[in-house]
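Dear colleague,

I am handing over a structure that may be new to you, and I would be grateful if you read the notes below with the sequence and the model side by side.

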Amino acid sequence: MIVVLGILWIPIMRSVGDVLYTYLQDVQSVLAPGIAAAFLMGITWKRASALGGMWGLLSGFIIGMTRLGAKVYYTTAGIHAGESIFKYIFFDLNWLFFCGWMFLFCILVVIIVSYCTEAPDIQKIRGLVYGSATPEEKAATRASWNKWDVIHTCIILSITVAFYIYFW
């Protein structure tokens with residue numbers, strides 16, 4: 001079954017890009033924004049509801065699959081496709097800009113749906129959402145860190161910044 005799905009996926013891969021890096025970035029840009037928006041809103045905002053997260057994920061999936069379908073269609077349709085706002089947004093727009101706008105749209109969906117639904121019970125989200133941890137839970141978390149955790153975190157962040165500076 002996996003082999004059949006892999007074979008069926010080949011035309012999509014060829015339509016999205018000739019370079020593997022470009023293909024991976026394009027596919028990642030249609031999958032990640034909805035997931036990131038739902039996750040980040042869920043851990044940082046006490047008012048985020050389960051339905052808000054679900055609709056944020058679903059809207060991200062629908063928009064992402066629309067972009068992937070547009071990539072396949074417009075690549076195979078060639079020059080006869082014409083110009084339209086749909087083509088510009090879902091095909092011509094750089095993957096990084098598309099990803100950023102899609103992320104903001106998914107955050108907006110989570111916010112709107114969360115305000116239209118019942119707020120989650122504070123007891124259910126205690127310790128799961130930023131700002132809802134009790135002082136005892138915060139103290140236990142801080143006590144679990146040691147100097148090597150801090151040193152390793154600084155090393156990883158420094159390497160990440162160095163890569164960004166070098167490849168920018």
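Glycine 127 is partly exposed, with a relative accessible area of 42%, where partly exposed covers the range between buried, under 20% relative accessible area, and exposed, over 50% (1.4 Å probe, protein chains only). Glycine 127 sits in the loop that runs between helix H6 (122-125) and helix H7 (135-143); helices here are DSSP runs of H or I with at least four residues, strands are runs of E with at least two, and both are numbered from the N terminus. Once neighbours within four places in sequence are set aside, glycine 127 is in contact with Ser132, Ala133 and Glu137, contact being taken as heavy atoms within 4.5 Å. Between the C-alpha atoms of glycine 127 and serine 29, which are 98 residues apart along the chain, the separation is 31 Å.

Before going further, please keep in mind that this is a predicted model, in which local features need pLDDT of at least 70 and side-chain atom pairs count only at pLDDT 80 or more, whereas totals for chains, interfaces and linings use all residues. Residues are numbered from 1 along each chain as its sequence is written, and side-chain values use heavy atoms, with hydrogens and water left out.

Arginine 67, which belongs to helix H3, is buried at a relative accessible area of 1%. Leaving aside neighbours within four places in sequence, arginine 67 is in contact with Asp26, Val30, Ile89, Phe90, Phe91, Leu93, Asn94, Trp95 and Phe98. Valine 110, in helix H5 (residues 95-116), likewise counts as buried, at 1% relative accessibility. With neighbours within four places in sequence again left out, the contacts of valine 110 are Ala38, Met41, Trp45, Gly52, Gly53 and Gly56. Valine 110 and histidine 152, by comparison, are 42 residues apart in sequence and 34 Å apart in space, C-alpha to C-alpha.

Aspartate 92 itself lies in helix H4 (residues 85-92), and, not counting residues up to four places away in sequence, it touches Glu83 and Lys87. The C-alpha atoms of aspartate 92 and lysine 71, which are 21 residues apart along the chain, are separated by 8.8 Å.

Two surface patches complete the picture. Patches are made of residues with over 30% relative accessible area and no salt bridge, like charges being joined within 9 Å and nonpolar side chains (Val, Leu, Ile, Met, Phe, Trp, Tyr) within 5 Å, and the accessible areas come from the Shrake-Rupley method with a 1.4 Å probe, with only the protein chains shown counting as cover for residues. Leu31, Leu51, Met54, Trp55, Leu58, Phe61, Ile62 and Met65 make a nonpolar surface patch of about 720 Å², and its largest share, seven residues, comes from H3. Leucine 58, which lies in helix H3, is partly exposed, with a relative accessible area of 34%.

The other patch is one of positive charge on the surface, where Lys46, Arg126, Lys138 and Arg142 gather. Lys and Arg count as positive and Asp and Glu as negative, without His or the chain ends, and the place of a charge is taken as NZ of Lys, CZ of Arg, CG of Asp or CD of Glu. Lysine 46 is found in the loop between helix H2 (20-44) and helix H3 (50-77), and counts as partly exposed at 41% relative accessibility.

With kind regards

Key: Salt bridge = Lys/Arg side-chain N within 4 Å of Asp/Glu carboxyl O.
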